[in-house]
Amino acid sequence: MNSNPAVFNARALSKTYHMGEVTVEALRGVDMDLYQGEFVVLLGPSGSGKSTLLNILGGLDTPTSGSVRYGDHDLSVYDDSALTRYRREHVGFVFQFYNLIPSLTARENVALVTEIADKPMAPEKALALVGLGERLDHFPAQLSGGEQQRVAIARAVAKQPQVLLCDEPTGALDVSTGVNVLEVIAEVNRRLGTTTVVITHNAVIGDIADRVIHLSDGQIAGIECNEHKKAPAELRW
Amino acid sequence: MTALNQKMWRDLWHMRAQALAIALVIMCGVAVYMMFISTLDSLHLTRATYYENNRFADVFASLKRAPEGLRQRIAAIPGVESAETRVVANINLDIIDFPEPATGLLVSVPDDGTQHLNALYLRQGRFVDPGRDDEVIISEAFAEAHGFKPGDTLFAIINGHRRALTIVGSALSPEYIHQLRPGGMFPDYKRFAVFWMSRNALGQAYDMDGAFNNVVLRLLSGTNVSDVIDRLDDLLEPYGGYGAIERADQRSNRFLAEEFLQLQNLANIFPVIFLGIAAFMLNVVIGRMVTLQREQVAALKAFGYDNRAVVWHFLKLVLIIVFFGVVSGIILGVYLGNKLAAIYTLFFRLPYLAFVIEPGVIIEATFISALAATLGTVFAVRRAAVLKPAEAMRPEPPTIYRKTILEHIGLQRFFSQPTRMILRHIERRPVKSLLTVFGIALACGLVMTGRFQPDTVSYMIDVQYNIAHREDISITFNEPTAKKAQYELQGLHGVEHVEVFRAVPVRLRFQHRSYRTGITGVEPGGDIQRLLDADLQPIRLPASGVVLTDYLGTLLGVRPGDRITVEILEGDMAIREVTVAGLVKEYLGVSAYMELGALNRLLHEGPTISGAYLAVDSKMQTALYGTLKKMPQVAGIAVREQEIRNYNKTMRETMLFYSYVGSVFSIIIAFGIIYNNARITLTERGRELASLRVLGMTRAEISYILLGELGILTLLAMPLGIIIGEWLCMMIVINAQTDLFRVPVILELDTYAFAVTIVLVSAIASGLLVRRRLDELDLIAVLKTKE
């Protein structure tokens, strides 16, 4: 196991949704630990509960039962304002559909987050980190999908979070753009030491992680550790 | 500027058309509010200033004749600050090139030039020279109506003698702000004048040297007016006093008060309706707008912005729109208020206008608008913000569509798929659909309120002058005259029919309530003067008892069969009792009627009349004027056609101003509501419609789905709008009731048609504007993004 201290401890996590007239059991008793600085891929088909798990880790949602701790923080008992503070101070998010604010430029989208962070890097530096130093003043509509996702990554890492959570970051991208985005994420993980969780249904991406956690039907189906991580550039799908 | 503020300004720019529509609606609400309140405040201030500066009297009394020495005793009544005796007389005028009858009131002014009470506000020329007996100052309105200038001459029948009078100036007086011919309902500046003449000259002309027939008092503040009036009546009784009145009963002041009251009542209801509707729609529109930003709210929250920051972000955006609406509303409202107050200044012949805007009014208007916007925003943002960000970022749970009621009852074979989509979409969100219908309905009702008043005016004219009072000319005598004068009138060339009347000023009392008015004794079964029942059918006057205007019945709280006390304010000032025989429908004035003989008996007098109503041959009318003018006992002549014209003018200048402003504003509001609705629906359903385009539907087909919904909601809104409109008109009418007018709710077909047309045109125009946007839907974006 990892020699670094555990940052997340999840025990008996369950989550039930009511979607219209349908009840969905998204998570059914998940136990899991994540360690400082590691790169984890949560792998599973759609509906396996991986997004739900990520949302709970990120403080975007609360479990129906069970507990989840981040260091000293017990996220499962946090109220809305405590979760807000937790997200603001510790977590960076990358979404499948980027969720950029269309009315703000790349730089301003990043500034949106750095303005409320404690020790942010400059938006320009964050954008340079993802290779968009030249496109600071472009609006989302003027950027390609890969560029938009890189802005989203820059926005997520600019506040220098301890945790970077990525929900299908390559889901809407073609292969070479996707590889490019993964390179940026891996680079952030390596250079900043940010605990990084990427969820995907694409098994190939597991090859670049320290650990791959397989989810199926709301439960952990298996965990594998990579002795030799591949570089994103070696991936093909 | 922070990135969040940057976003706000860009969002605002992006939704500028909608923002403009919302701001316009607020502007209209605030402007109407400001207009009414500032006009009212200004008129009150102007009147108060004018009354104070020109020392308007507190008590007024006329009498037959008393020696000047009595003034000392009047001035010695406790509480009297100053007393001024005067000579006042009714005169007939003879104006060159103006054959119609004109009358005037001649009022004396002190010879020493110091006007203690009811001081004139000289507009042109100079004061009368006390040494001259042919100089007059004339009322400004009359001067303007005839184009008289200082130096001009006119003729008047003074005490039976035709005299030439030189005009030396024109003036206004607080005593005659409302210049009404005795018995007239509306000012007639061409045919009625007030003249001021030196006391000395007037005294000699009327045999009032060292005597007076009118006295006015100004009281110390805190004095009990009725005590003074009682003492004054006691002093004047031996000299033929007609009963002193307080300022509240003074004719001009009372009419002015009535007008102010009516304006006040309208000011109570109109702005409430406008601002209320604006606030309601602001609330709905902003709520829906913010709901659409659900995903952005979630994203902001995911980054760590707390609820307060998110709410404040949207609230700022909304408040900026409100700010522009309120500021432009205040500016427009002040402008319109100034205009309206200026119309009133002219209308009432006030010497100046003291225009005020109370800061409180601005604060109120701003507060109401901001509150409505804030509530709408906070509720909507909270709905989005209380969701866990993860939940808010997920597409909304697939909405539960069901078959509609229409489909359940087996009508589905009549509907195409797109029609089913429209119907299910409406039924899916019943509250939202209802709010939309209600918003459009309010706009429709509002349009009706701006339109119904002209119809009402024509209806009132019709009832008053074509059904009830059908005389061509009415004349009043100088003093009560023997009934046989009727035969002299009947013998005049051109007179076709004569009906006589007796009019006597009275105070009617029932229990603790009283009302000062007049009883008119008319011939039973008259064909010219007719009394109408609630269905506007002529009724026959009962042989005994008094018949009251229905409104007066309500004021006194009496029903047919009650006995009321009549204080006769003439002659021996007797107090009698009479039974209320019935109530009649009248929209104008407050009157009491008796059978002529019954009134003569009540007054303990023989067959006596005060005047007559004449039906005349229109070809002989001008010649008849000449004859009547030469009859010394005729004090006043009123021509019906002229009354109608005056009435129209009065109504047009005042009431119709609101109609105009109201119509324009309600049209803007209707458009604002409907356009915003269409735009929001487009945003809500844009993705779905674009997907349908991807699937191969034509532009026309998706337009049908979107605009079909708008169309159905608009059509549903119309019947409701008409009901709301009728209700709003009723509220306005109930609030506009005064002693002077009881406006009926008369809604002609064209009012309904106009309101419906405005709503339809707004809907079609909004539809076309939105349709243009439908053509620009980004189909690729739909394929690329989620849901």
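Two strands pair if DSSP finds at least two bridges between them. Helices (H or I, at least four residues) and strands (E, at least two) are DSSP runs, numbered from the N terminus. This is a predicted model, in which local features need pLDDT of at least 70 and side-chain atom pairs count only at pLDDT 80 or more, while totals for chains, interfaces and linings use all residues. Residues are numbered from 1 along each chain as its sequence is written, and chains are lettered from A and ligands numbered from 1 in the order in which they are written.

**Exercise 1.** Determine which strands pair with E21(B), and in which sense.

*Solution.* Step 1: strand E13 (residues 495-510) of chain B pairs with E21(B) through six bridges, in the antiparallel sense. In this pairing, His497(B) is opposite Ala615(B).
Step 2: strand E12 (residues 473-482) of chain B is also joined to E21(B) by six bridges, and the two run antiparallel. Here Ser474(B) is opposite Tyr613(B).
Step 3: a residue is buried if 20 or more other C-beta atoms, placed from the backbone, lie within 10 Å of its own, exposed if 12 or fewer, and partly exposed in between. Strand E21 (residues 608-616) of chain B has eight of its nine residues buried.

**Exercise 2.** Describe how domain 2 of chain B touches domain 3 of chain B.

*Solution.* Step 1: an automatic or database domain assignment divides chain B into domain 1 (60-255), domain 2 (429-468 + 644-787) and domain 3 (469-643).
Step 2: the C-alpha centres of domains 2 and 3 of chain B are 47 Å apart. Two residues are in contact if their C-beta atoms, placed from the backbone, lie within 7 Å; 16 residues of domain 2 of chain B and 14 residues of domain 3 of chain B take part.
Step 3: on the domain 2 side, helix H14 (430-468) and helix H19 (640-694) of chain B are the elements that give two or more residues. H14(B) gives the most, with seven residues.

**Exercise 3.** Explain why the radius of gyration of chain A agrees with that of a compact globule.

*Solution.* Step 1: the radius of gyration is taken over C-alpha atoms, and the globule rule is 2.2 Å times the number of residues to the power 0.38.
Step 2: for 237 residues, a compact globule would have a radius near 18 Å; chain A has 17 Å, and therefore agrees.
Step 3: the C-alpha trace of chain A spans about 45 × 40 × 40 Å along its principal axes, and 49% of the 237 residues of chain A count as buried.
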